[in-house]
Amino acid sequence: AGLDPRIIDLESFRKMAAFIFCKAYIAIFKEHLLSESESFREGMGKDEQILNSQLVIDGLYAKTNNSVLVHITGEDIYSGNHRAVGALVGILFSEGQRLW
């Protein structure tokens, strides 16, 4: 995702969560998100970060029916809600392991 995993700290991860989750979703499911555009990059604007995060959440829910996802929003990811970020990390990790 453009970050050296050996040097990223928790705060940097939180700030980049929308970008990282979008890239992880695409890598795991080999599907592109509908809002993906030329502006899909590190440093995308607030509205696009929220939209892309919500698309990841909705896509994961459609694939997993994981009820935890019903309580998470793109806004939660953008704002750095630790519970929401942690839940997405866990679900994406689990799906990645299952599919790889």
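**Helix packing and the nonpolar core**

In this predicted model, helices H3 and H5 cross in a left-handed way. On the H3 side, Ile 57, Leu 60 and Thr 64 make the contact, and they meet Leu 88, Ile 91, Leu 92 and Glu 95 of H5. Sorted by class, this contact of H3 with H5 comes out as five nonpolar residues, one polar and one charged. The axes of H3 and H5 sit 12 Å apart, at an angle of about 50°. Because of that angle, H3 counts as oblique to H5.

H3, which covers residues 46-64, also packs against H2, residues 17-29. Here the angle is about 35° and the axes are 9 Å apart. Once again there's a left-handed crossing, with H2 passing H3. H2 brings Ala 18, Phe 21, Cys 22, Tyr 25 and Phe 29 to this contact, while H3 brings Gln 49, Asn 52, Ser 53, Val 56, Gly 59, Leu 60 and Lys 63. By class, that's seven nonpolar, four polar and one charged residues.

Now for the largest nonpolar core, which has 25 residues. The residues with the most contacts inside this core are Phe 21, Val 56, Leu 60, Leu 69, Ile 72, Ile 77 and Leu 88. H2, H3 and H5 (82-99) are the elements that give two or more residues to the core, and H2 gives the most, with nine.

Ile 72 is worth a look of its own. Setting aside neighbours within four places in sequence, Ile 72 is in contact with Gln 54, Ile 57, Ile 77, Arg 83, Ala 84 and Ala 87.

Key:
Residues are numbered from 1 along each chain as its sequence is written. This is a predicted model: local features need pLDDT of at least 70, side-chain atom pairs count only at pLDDT 80 or more; totals for chains, interfaces and linings use all residues. Side-chain values use heavy atoms; hydrogens and water are left out. Axes are lines fitted to C-alpha atoms, for helices over the stretch in contact, and angles run from 0 to 180 degrees between N-to-C directions. Helices (H or I, at least four residues) and strands (E, at least two) are DSSP runs, numbered from the N terminus. A crossing is left-handed if the near helix is turned anticlockwise from the far one by less than a right angle, and right-handed if clockwise. Contact means heavy atoms within 4.5 Å. Ala, Val, Leu, Ile, Met, Phe, Trp, Tyr, Cys and Pro count as nonpolar, Asp, Glu, Lys and Arg as charged, and the others, Gly among them, as polar. A nonpolar core is a set of buried Ala, Val, Leu, Ile, Met, Phe, Trp, Tyr and Cys residues joined through side-chain atoms within 4.5 Å. Buried means under 20% relative accessible area, exposed over 50%, partly exposed in between (1.4 Å probe, protein chains only). Angles under 35 degrees count as roughly parallel, over 145 as roughly antiparallel, 65 to 115 as roughly perpendicular and the rest as oblique.
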